[in-house]
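Please find below a colleague's note on the model under review. It is meant to be read with the coordinates open.

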Amino acid sequence: MQSLIPVVMSGIIAVYALVVAVLIAGNMRPPPEMQYSVFNGFLHLACGLSVGLTGLAAGYAIGIVGDSVRVAHYSGQTVTLAQTLTLH
């Protein structure tokens, strides 16, 4: 059961990325209604990159901690409270 926690946490991070993608797509209009300036383009690029790189870093960290908890759990060692709280 503890091995599924990192998978669920990674899914939650992916949902955050989908929300930002919907917000960015909702801000775009066809060309006659709204001019898409260079500023808006860089703003949307920065939003996408920040969410994407944050998701990548968080997923990597969840994977490292999840793997260490899995190894500790199956080898019979005690799992520390800090490791458990990091995954929850």
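The numbered points go from the chain as a whole to individual residues.

1. Confidence. The model is predicted, and the mean pLDDT of the chain is 76, with 80% of its residues reaching 70 or more. Among the elements, helix H2 (residues 38-74) has the highest mean pLDDT, at 82, whereas helix H3 (residues 81-87) has the lowest, at 59. Where pLDDT is low, the predicted coordinates should not be read in detail.

2. Overall make-up. The chain contains 3 helices and 0 strands, and its elements accordingly read α-α-α when followed from the N terminus. Of the contacts with a separation of 6 or more, 56% are between residues 24 or more positions apart.

3. Burial and surface. The chain has 88 residues, of which 14% are buried. Its accessible surface comes to about 6500 Å², and carbon and sulfur atoms account for 74% of that area.

4. Geometry of H2. Helix H2 has 37 residues, and the distance from its first C-alpha to its last is 53 Å, which is close to the 54 Å expected at 1.5 Å a residue. After H2 comes Gly76, a residue with a positive phi near 90°.

5. Buried positions of H2. The buried residues in this helix are Asn40, His44, Ile62, Val65, Gly66, Val69 and Ala72, a list in which the polar side chains of Asn40 and His44 deserve a look of their own.

6. His44. Apart from neighbours within four places in sequence, the contacts of His44 are with Ile24, Asn27, Met28 and Tyr36.

7. Ile24. The C-alpha atoms of Ile24 and Gly48 are separated by 8.5 Å, although the two residues are 24 apart along the chain.

8. Asn40 and Gly41. Both Asn40 and Gly41 are found in helix H2, and their accessibilities can be set side by side: Asn40 counts as buried at 17%, while Gly41 is partly exposed at 22%. Once residues up to four places away in sequence are left out, Asn40 touches Met34 and Gln35. For Gly41, the C-alpha separation from Met28, which is 13 residues away along the chain, is 10.0 Å.

9. Nonpolar patch. Which residues make the nonpolar surface patch of about 650 Å²? The patch is made by Val38, Phe42, Leu45, Leu49, Leu53 and Leu56. Leu53, one of these residues, is placed in helix H2 and is exposed, because its relative accessible area of 53% is over the 50% cut-off. Helix H2 thus carries the exposed Leu53 as well as buried residues, including His44 and Asn40.

Technical notes. Residues numbered from 1 in each chain as written. Heavy atoms only, no water. pLDDT = per-residue confidence, 0-100. Helix = DSSP H or I, 4+ residues; strand = E, 2+ residues; numbered from the N terminus. Buried < 20%, exposed > 50% of the residue type's maximum accessible area, 1.4 Å probe, protein only. Contact = heavy atoms within 4.5 Å. Areas by Shrake-Rupley, 256 points an atom, 1.4 Å probe, with all protein chains shown as cover. Expected span 1.5 Å × (residues − 1). Patch = residues over 30% accessible without salt bridge, like charges linked within 9 Å, V, L, I, M, F, W, Y side chains within 5 Å. Salt bridge = Lys/Arg side-chain N within 4 Å of Asp/Glu carboxyl O.
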